[in-house]
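Open the model in your viewer and keep the selection panel at hand. We will go stop by stop.

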Amino acid sequence: MKYLIFIFMAFLFCSAFAQNKQVLYGLEEVPQSLLLNPGVNVPQKSHFGIPLFSQFHINAGMTGVSVFDIFGESSVDINTRIRNKIFELEASDFFSATQQLEIINFGWRARNEIYFSGGVYEELDFIVYFPKDLAVLAYEGNQDYIGVPFDLGQISTTGDLMTVFHFGANKQLSEKLTMGVRAKLYSSLFSFKSTNNEGTFITREGNEDSENVYEHTVENLDASVQTSGIASLGDTGGASQILGSAFFGGNVGVGLDVGATYKVTEKITTSASILDLGVIFHTKDVESYRASGTYTLDGIELLFPPITQGEPTFPYYEDLEDEFEREIPIDTLNSGYTQLRPVKLNASVSYTFGRRIGSSGVCDCLNMGDDVKRNQAVGLQFYGISRPKGLQMAGTFYYYRRLWDVLSAKVTYTVDPYSNDNVGLGLVADLGKLNFYIAADNLLRYGNLAKANNVSLQLGINIKIENE
Amino acid sequence: MKNNLLVPFLGILSFIFIASSCVKDTDFDQAQDIVLTPVVELNLIHFDLEAQDFYDGATMTERLTVSDTTEIKFLDGSGFQESLVRAEFLFRFKNSIPRNFNVDFQFLDSLRQPTYFTGTLVNQGSVANEVTTEFTQNVEGEDLLLLTTSDRVVVSVTIPDSGPNLEGNLKLQSKATYFFEIKEQEE
């Protein structure tokens, strides 16, 4: 238990809405904003991320419950608090965690004015929905729930660890429009998925015709788990095998990011991107399990066979186990499967104002409007991600300000499934060629992370060479 | 100059940012107090004996006691042993045989040694009028320790006398209610 709490806390300590990098989105000073919108305006001439330090991102969150809700100092018994939470949470509540580590990131502007960028990053992505009915069953037992069905289909979880190799191109096509695309190659280290499950478990009071006091029934069960890269882990290698599959030893996939930024007027800009429009083909080291059927447990029926002393009777218990396995068989499949990546959508509209920047303060009259920059902006952002139980969305209002030539800040206010008071802050410093950024959200909870439903953090260092 | 100041400024800011976050007013030792107390209702055994099961037509002799054995492997599983605090058995007999019965439940461990015993008297009924006898047995404390070392039960049904013309059925339905207390195990 302690270890579980530790791991849980470790997740929470270090780290919004899984993968929503609302602070970094559109923050053109940070080269990594290209990964959130390949069609963002790119001011620099080239950039090179410090290997392994160019972006670290961690993000973990839980809807409906915080660490404080359970472990806070309180006069109410912890068991009462857990019980209340179990009944308060819904099957649509979830825990999710994402972690990314950039290994390499680089980019440069070619002579044809196309900004090419590429790199490698590692990504861990996990989500599990709260299987409310099963939690109630485990916590309370079935005594108070005779005749009440428990939904086994609430089990829904996915997990992935992969290396992503990417390369993209970005070009300002006109004074108003910048577009970009990025091709991705996924190398999956491991993956598991159990979604679209069905079935109920119910204990009914027996009637006149029933064989026993109750009828315990698993009805119309259809549950499956797909795994890849996991089945062989126990056999050999372990860590070295995982590392091996990080570089194309495992299952591969392809994906695409597209994005654009459009300048509506001098002050109003809109942008949008679609990320990870892709699939992973799981063909190697695949193992899937599927359990389906309907079965009613009546108990053990004794038949009292006329046998003499010492003779064995029927193996009732084994027969029962066999019967269960026959009625609800668990099939193991090794056939490959195709996995869709969770598609992410970003969109924004921004309004810039304040004093002009990007000029030396002297006459800027030759700049005919295509590159007028101002030191402040406000805007709205939308984020969505496809998840097993539907699209999860978040809305962000932000204020951006360039404080000095070397320092920019962005403050965000985000409403998402976790909370409606998520304030985030990002700081970017350009110190000579060194580009340093840090972004975190849920700052109102920063004083006591235990009360946060989710926290996210991104930081990194790049070398950036500005346009002459 | 501005740049020179900014580096330490940012460094300190980041440090404060990360270090000032903390987890307050929490007490993780409470994890030790977490107790799950599910109450589980589960069918046990059932049978349907005919009156003629107590008479051997071939040898024209009475079979005053019939018995049968089944494994109940889950009982001595470690999860059960550690977490079970009480078990309540319900045995429901429906008798349309005009005889009283003695029904014994002898639990045995894996070495076939007797562990826990219980039994009851079943009232006689008639073919026209089935009589229900219910018997509940509460098991806790030392008896529970004995019970949870068992992995099989021998059920013996004894009739005082029988004959070739005896009619009716003796049916048993049974269930157990298991009261658990699941908590962190002492290391």
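Which residues does Glu301(A) touch, not counting residues up to four places away in sequence? Select Glu301(A): the residues it touches are Glu211(A), His46(B) and Phe47(B). Contact here requires C-beta atoms, placed from the backbone, within 7 Å.

Before moving on, the ground rules. Residues are numbered from 1 along each chain as its sequence is written, while chains are lettered from A and ligands numbered from 1 in the order in which they are written. This is a predicted model: local features need pLDDT of at least 70, side-chain atom pairs count only at pLDDT 80 or more, and totals for chains, interfaces and linings use all residues.

**Stop 1: Glu301(A)**

Stay on Glu301(A). Its place is in strand S13 of chain A, residues 300-301. Helices (H or I, at least four residues) and strands (E, at least two) are DSSP runs, numbered from the N terminus. The cut-offs: 20 or more other C-beta atoms within 10 Å of a residue's own is buried, 12 or fewer is exposed, and in between is partly exposed, with C-beta atoms placed from the backbone.

The C-alpha atoms of Glu301(A) and Pro31(A) are separated by 71 Å, and the two residues are 270 apart along the chain. Show the whole of chain A: six helices and 22 strands. Of its 468 residues, 38% are buried.

**Stop 2: across to chain B**

Select S13(A) with S2(B). Two bridges join these strands, which run parallel. Glu301(A) has His46(B) as its bridge partner in S2(B). Two strands pair if DSSP finds at least two bridges between them.

Widen the view to the whole contact between the chains. Here 48 residues of chain B are in contact with 47 residues of chain A. On the side of chain B that touches chain A, the elements giving two or more residues include helix H1 (2-19), strand S2 (39-50) and strand S5 (65-71). S2(B) gives the most, with nine residues. Color this side of chain B by residue class: 22 nonpolar, 13 polar and 13 charged. Ala, Val, Leu, Ile, Met, Phe, Trp, Tyr, Cys and Pro count as nonpolar, Asp, Glu, Lys and Arg as charged, and the others, Gly among them, as polar.

**Stop 3: the five-stranded sheet**

Follow S2(B) into its sheet. The order is S13(A)-S2(B)-S11(B)-S6(B)-S9(B), an open sheet of five strands with mixed pairing. Its edge strands are S13 of chain A and S9 (131-139) of chain B, each pairing on one side only.

Step across the strands in order:

- S2(B) and S11(B) run antiparallel, joined by 10 bridges. Glu41(B) has Thr177(B) as its bridge partner in S11(B).
- S6(B) and S11(B) pair in the antiparallel sense over 11 bridges. Find Arg92(B), whose bridge partner in S11(B) is Gln173(B).
- S6(B) and S9(B) run antiparallel, with nine bridges. Phe89(B) has Gln137(B) as its bridge partner in S9(B).

**Stop 4: the four-stranded sheet**

Select S5, S10, S7 and S8 of chain B. They form an open sheet in the order S5-S10-S7-S8, with antiparallel pairing. S5 and S8 of chain B are the edge strands. Seven bridges join S7(B) to S10(B). Asn102(B) has Thr158(B) as its bridge partner in S10(B).

**Stop 5: the core**

Which residues touch the most other members of the largest nonpolar core? Among its 32 residues, they are Leu302(A), Ile45(B), Phe47(B), Val155(B) and Leu170(B). Such a core is a set of buried Ala, Val, Leu, Ile, Met, Phe, Trp, Tyr and Cys residues joined through C-beta atoms within 7 Å. S11(B) gives the largest share, five residues.

Select Ile45(B). Among the residues that Ile45(B) touches are Gly299(A), Ile300(A), Leu302(A) and Val155(B).

**Last stop: confidence**

Color chain B by pLDDT, the predictor's confidence in each residue, from 0 to 100. Chain B averages 85, and 86% of the residues score at least 70. The model scores ipTM 0.83 and pTM 0.78.

Terms used. Contact = placed C-beta atoms within 7 Å.
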